[in-house]
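Please consult the sequence and the structure shown below.

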Amino acid sequence: MTKTEKNEMSVVLEGLKDSKTFRETFFWIVDSAGKKVPFIQNSAQRDYYKTKSDNDLILKARKLGFSSEIEGDFLFDCIMVPNTNAVTLSHTMDDTKIHMHRIQYFIDTVGTGKQKIEVTLDTQNERELYFPETNSYYWIGSAGSTRFGRGRDVSRLHCSEVAHWRDQGVLTAVMEARRKVGSKTALETTARGVGEKFYQTWEEAGDPKSWSPWK
């Protein structure tokens with residue numbers, strides 16, 4: 001990239017400090033037909049983005065793209081907001097790999113059709129990404145890891161398919177690792193056979209009145 005191109009890109013980035021605008025301009029996904037397309041929010045993602053709070057409970061149907069929306073939003077913070085510590089926890093190791101692959105694809109393809117944006121990573125493995133330019137981390141793990149979340153200063157927490165987690169103690173541990181001020185949490189799940197299980201999870205995690213339900 002030439003000096004002129006860098007200056008032009010710097011101006012563009014400065015004007016795209018909004019997560020939605022940035023992601024719809026520079027992030028890409030693979031659609032149901034296997035094609036690389038811009039990450040434009042679908043109606044469910046758009047409605048959620050407009051109404052989300054700092055503590056969201058999402059009872060979802062399958063294939064609405066909530067994980068993509070949340071992880072893209074948290075990745076934006078890692079790239080743009082200093083000292084962001086994001087965590088995504090899923091209920092199986094296979095799903096952990098899917099989440100990491102999605103986040104890695106955002107990073108590998110970020111940019112316009114004509115110009116790639118280089119995202120500097122100092123640490124890059126199957127569980128952890130470190131962004132030295134903002135001193136930010138993104139950790140991806142499985143709820144089967146009972147120690148995951150301890151000792152981490154979490155500012156962005158995404159827990160996927162919580163109603164299906166076998167060990168609810170993991171949720172308690174990672175919730176306790178959140179920053180007291182300025183943290184954002186999204187707990188999402190499809191329904192399990194016993195409907196009350198979803199709400200019991202929130203009671204174990206904390207006062208359900210402090211959460212914003214979304215479905």
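Helix 5, spanning residues 93-109, has 17 residues and reaches 24 Å from its first C-alpha to its last, close to the 24 Å expected at 1.5 Å a residue; the expected span is 1.5 Å times one less than the number of residues. The model is predicted: local features need pLDDT of at least 70 and side-chain atom pairs pLDDT 80 or more, while totals for chains, interfaces and linings use all residues. Residues are numbered from 1 along each chain as its sequence is written, and side-chain values use heavy atoms, leaving out hydrogens and water.

**Helix 5**
- Thr96, His99, Met100, Ile103, Gln104, Phe106, Ile107 and Thr109 of helix 5 are buried (under 20% relative accessible area, 1.4 Å probe, protein chains only).

**Packing of helix 4 and helix 5**
- Helix 4 (residues 66-80) packs with helix 5 at an angle of about 50°, and their axes are 10 Å apart; axes are lines fitted to C-alpha atoms over the stretch in contact, with angles from 0 to 180 degrees between N-to-C directions.
- From helix 4, Ser67, Ser68, Glu71, Gly72 and Leu75 make the contact, and from helix 5, His99, Arg102, Ile103, Phe106 and Ile107; contact means heavy atoms within 4.5 Å.

**The whole chain**
- The chain has seven helices and 10 strands, which are DSSP runs (helices H or I, at least four residues; strands E, at least two) numbered from the N terminus.
- Of the 215 residues in the chain, 44% are buried.

Definitions and conventions: Buried means under 20% relative accessible area, exposed over 50%, partly exposed in between (1.4 Å probe, protein chains only).
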